[in-house]
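Here is a short report on a structure, arranged by topic.

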Amino acid sequence: MTNTPVTLEGFRGEFPRQPLNARRVAGALEAPGCQRRTALDAAGVNLDKLGSLISGEPRDRQSPFALTRGNQFEQQVVANGMAEIVALARRHLDLAIPEVRQHDLSAAAVREAYPGVTGARMNELRARLTRQRTEEMLTDPAQAYNLIRHAMTRLDFGGETVYLEQDVLAFAIDGRIHVVEIKSYPRIDGRADPTKASATVRQTAVYVLSLQQLVVEIGAPPEVVKTTTMIVLPENLSFRPTAVTIDIDMYVRRLARQLASVPRAADILDAIPAGTQLPAHPDNGADNDEVGAAATAAREALAVLPPRFTDGCVSCPLFHSCRDEAERHGSIARLGTAVAGACGDVTSIAAALDLADGRRAPASPSEAAVAAALARGAAAARIATGGLA
């Protein structure tokens, strides 16, 4: 324990910032229990730039074309008083919406209404306005707004507050609120890309959980937020919007359990040496020596953050770095989550082999159980390959 704990801002230093959002929270929970990822996420470190710096390979998570297409599709869907959203909600969510009263809580709209509010104060203001509008939806649905664009909710991640901007917070009908998510990848012949669809479901679960927590704070039961959500997509290769509905209750419950087990970022940083800090990211014109020095400094800073390498790490921008680290250290984790789980407290491949062959005496009951299981496995392998047990 250091006398001067490292702060999140101090650890990030001048390295590029990338605030947490719903997609990143969902991605972090694919490898639960990783203190390294928790600290980096809570500090708002740009993981794509960090992964590229360490690996020496460029990593673009989303092309400019995809971003442009996404913005164009969303603008089309919400045009004309969000008529497309209303029509899709009536059809796919079976909502009777006799009158549409919509409200825009985007940063641009709030900035216009509240000039001079910037930075963190803007997020706080948008979150407060979202709470007010949500409470009105629940207490006076006949008069309140029933369609809110770019609502902002909050979620706790490792002891840090994450601000989440939702596409559309929709419809207090019969005392229920629905979440609507807009995506620009197409639904072709009735099917969307499975990988992208799965990521969308996990991201939407983050929104639903944060909204459930908000209504609980207001004093309403979480069930007023429906876990049946509507996802709006382009149909085939056109920009004509279509929609699918899905009940993501299972994902929301899983997310709540995972978030409850996320280690506190402040505790993680409190246990690392004082002065630990990521380097500034090299400029575009930096020479090889500067880039190499920054990469070395970044690896040294990461080395003090305990990783938890699992099968779920494949999508993390630091996957290659952590995999190589596990390889160098001879970690059981390099053999996969199933093997690591079977070996329990034994985290070294060399130690596991010594236990299996009887070259090392178990130091605890758990090691004794692992040794017995490994010995049985080794005997089975010898029999299967024609040897003697």
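## Aromatic pairs

In this predicted model, F239 is partly exposed, at a relative accessible area of 22%. F73 is buried, with 0% relative accessibility. The structure holds two aromatic pairs. In one of them, the ring centres of F73 and F239 lie 5.7 Å apart and the planes meet at 70°, so the pair is edge-to-face. The cut-off for that class is over 60 degrees. This pair links distant parts of the chain, 166 residues apart. F73 sits in helix 5 (residues 64-77), and F239 sits in the loop between strand 9 (228-234) and strand 10 (241-247).

F309 and F319 also pair, but stacked: 5.7 Å centre to centre, with 20° between the planes. They are 10 residues apart. F309 belongs to the loop between helix 12 (288-303) and helix 13, while F319 belongs to helix 13. F309 has a relative accessible area of 14%, so F309 is buried. F319, at 15% relative accessibility, counts as buried too. The limit for buried is under 20%.

## The largest cavity

How many cavities of 30 Å³ or more does the structure hold? There are three.

By class, the lining of the largest cavity has 10 nonpolar residues, three polar and three charged.

## The second largest cavity

About 90 Å³ of space lies in the second largest cavity. Its lining consists of A26, L29, E30, R202, A205, V206, Y251, R254, L255 and Q258. Helix 9 (194-218) and helix 10 (249-260) are the elements that give two or more residues to it. Helix 10 provides the largest share, four residues.

Six lining residues of the second largest cavity are nonpolar, one is polar and three are charged.

## Helix 15

Which residues of helix 15 (residues 349-357) are buried? They are A351, A352, L355 and A356. These residues cover an arc of only 135° around the axis, so they lie on the same side of helix 15. Just after helix 15 comes G358, with a positive phi of about 80°.

Conventions:
Residues are numbered from 1 along each chain as its sequence is written. This is a predicted model: local features need pLDDT of at least 70, side-chain atom pairs count only at pLDDT 80 or more; totals for chains, interfaces and linings use all residues. Side-chain values use heavy atoms; hydrogens and water are left out. Buried means under 20% relative accessible area, exposed over 50%, partly exposed in between (1.4 Å probe, protein chains only). The arc is that of the directions from the helix axis to the C-beta atoms. On a 1 Å grid over the protein atoms alone, a cavity is a set of points where a 1.4 Å probe fits but cannot get out, and a pocket is an open set with protein on both sides within 12 Å along at least five of seven lines; lining residues have an atom within 4 Å of a point. Grid points are joined across faces, edges and corners, and a volume is the space filled by probe spheres set on the points. Ala, Val, Leu, Ile, Met, Phe, Trp, Tyr, Cys and Pro count as nonpolar, Asp, Glu, Lys and Arg as charged, and the others, Gly among them, as polar. Rings of Phe, Tyr and Trp (its six-membered ring) pair if their centres lie within 6.5 Å; planes under 30 degrees apart count as stacked, over 60 as edge-to-face and the rest as tilted.
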